[in-house]
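Trainee: Please put the model up, and then I will ask about its charged pairs and its helices.

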Amino acid sequence: MNKPGRIHRAWWMLIGCCLLQGGSLGIIHNCRGIFYDPVIEDLGFGMGAFSFYILFFGVCSCFVLPFVGKLFRRIDSRILLGGASLVFSGTVFVMGFFRTLPAFYIAGAIQGFAGAFLMFYPAPYILGNWFHKKCGLAVGLSAAFSGLAGVLGNPLGNAIIRAFGWRIGFFAFGIISLVMMLPVSVFLLRRSPEDVGCRPYGAEDDAALTGASCPLDGVPASRAKRESSFWLLILAGLLAAFTCSYYAHLSPLGIYFGYGSVVGALMVSCSMAGNVVGKLLLGPLYDRFGLRTALAAGTAVTAAGFLLLLVNSLTVRITGAFLYGFSMAMSAIMTAIAIRDVYGNRDYGDLLSYSSMASTLGTSVNIAIIGYMVDGFGRQSGYIISLWYGLALTLAMGVLFIVSVRGGRKIAAEYKTHSHSPASAAGDTANH
């Protein structure tokens, strides 16, 4: 039980999710780009061929993700998260020994399998169970920590690579990732308040709740999956993942435009700073003003970032990298928040798995697509073309979000879906 005067256990879950996101998405996924140029220069790979290992990561994650929600409900989260942490971090460590492309591809596939249990699904799912109030803030903070880890990890990794080589970089990052994730996975995180005899944060002030972590109202998954509006929302999430995949290419982009590896790493760190700010702003913006406002704001800032990256000025491009970082907030938190807001809590875990699949596959596929653009059109021309392509993806994403949310609301109205809307004053007086 939650004792009066003590910190609610939900906040400890938030800390655990922050470290889980930081050790998987932050220090590994958001810092991949700094390894691209040194690896391909040392081993003689093409950019497209090497970055293709991320596609193996995405495909394998997508294969596993449909089962992740069911496994979380049936197996102790400590076993799932702890085992996945060991495998995920271990594959990063052993990449420091590789010399051939097939080895990277196999490691990418194994890492994708483990990452399915760590990167996109558990934080919004666990925090959605633990927070009745301030859910948007909690999800935003946990996701922002992955950006903060990227802000610190990119210059740190670049310094390690410059001083000791990319192999030591992989060794170091594998160890850091494991230290961040394994202890909280085994000793801190729990799937829901009921697992430890608690109630969710904010439930004690709502007489309508009788102990459940969230009211089980909303659209059944079987109905949602028959509607085009749901799949348009997933497609919007897929395009959001496409746009956020550019983080992995900002470091080589900086190098190929003549700024050097230090500035390339700085551009990645700036994008991660934008990632942090976006996640800290969009969650509370949703809590205060609603879903459509948060989605529109995130789309507009991301588009501005792409436009500034196209300007031939270092200062402007660094600013563009910062604004572009909002794309990661759109992919990481806003699609998940949109699903819960529109379709409710009834089958949220099931529906969320499709968003997680789209996020994983979209990021992985587009990283490889950009790599092949660079190989096909030349380093500078390829990146310029890819940035125009990213701008088009961003605008299409914004349109799809608007259309899918509008259509989904009509369906949800039939089921009187519970909503974490601004009418609830940041979740404080939610309607049921």
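Predicted model: local features only at pLDDT ≥ 70, side-chain atom pairs only at ≥ 80, totals over all residues.

Mentor: Residues are numbered from 1 along each chain as its sequence is written, and side-chain values use heavy atoms, with hydrogens and water left out.

Trainee: How many salt bridges are there by the rule?

Mentor: Side chains of opposite charge can pair when their charged atoms come close. The rule for a salt bridge is a side-chain nitrogen of Lys or Arg within 4 Å of a carboxyl oxygen of Asp or Glu. By that rule the count is six.

Trainee: Asp76 and Arg78 meet in a salt bridge; at what N to O distance?

Mentor: Asp76 is partly exposed at a relative accessible area of 31% (buried is under 20%, exposed over 50%, partly exposed in between, with a 1.4 Å probe and protein chains only). Arg78, at 34%, is also partly exposed. Their side chains meet with N to O at 2.7 Å.

Trainee: Which residue forms a salt bridge with Asp195?

Mentor: Asp195 has a relative accessible area of 42%, so Asp195 counts as partly exposed. The closest N and O atoms of the pair are 3.5 Å apart, and the partner is Arg191.

Trainee: Which residues are linked with Arg223 in a network of salt bridges?

Mentor: Arg223 is buried, at 15% relative accessibility. Its side chain meets that of Glu227 in a salt bridge of 2.7 Å, N to O. The network links Arg223 with Glu227 and Glu414.

Trainee: Are H4 and H6 roughly parallel or roughly antiparallel?

Mentor: Helices are DSSP runs of H or I with at least four residues, while strands are runs of E with at least two, numbered from the N terminus. The axes of H4 (residues 53-74) and H6 (residues 101-115) come within 7 Å and cross at roughly 30 degrees, the axes being lines fitted to C-alpha atoms over the stretch in contact and the angles running from 0 to 180 degrees between N-to-C directions. Angles under 35 degrees count as roughly parallel, over 145 as roughly antiparallel, 65 to 115 as roughly perpendicular and the rest as oblique. H4 and H6 are therefore roughly parallel.

Trainee: How many charged residues does the contact of H4 with H6 have?

Mentor: Contact means heavy atoms within 4.5 Å. Tyr53, Phe56 and Phe57 are among the H4 residues that meet H6, where the partners include Phe104 and Tyr105. Ala, Val, Leu, Ile, Met, Phe, Trp, Tyr, Cys and Pro count as nonpolar, Asp, Glu, Lys and Arg as charged, and the others, Gly among them, as polar. By class the contact of H4 with H6 has nine nonpolar and four polar residues, and the number of charged ones is: no charged residues.

Trainee: Are H14 and H15 roughly parallel or roughly antiparallel?

Mentor: H14 (residues 291-309) and H15 (residues 314-324) have axes 7 Å apart and pack at about 155 degrees. That angle is why the two helices count as roughly antiparallel.

Trainee: Which residues does Gly320 touch, not counting those up to four places away in sequence?

Mentor: Gly320 sits in helix H15. Its relative accessible area is 0%, so Gly320 is buried. The residues touched are Gly305, Leu308 and Leu309.

Trainee: Is Arg340 buried or exposed?

Mentor: Arg340 belongs to helix H16 (residues 326-343). With 6% relative accessibility, Arg340 counts as buried.
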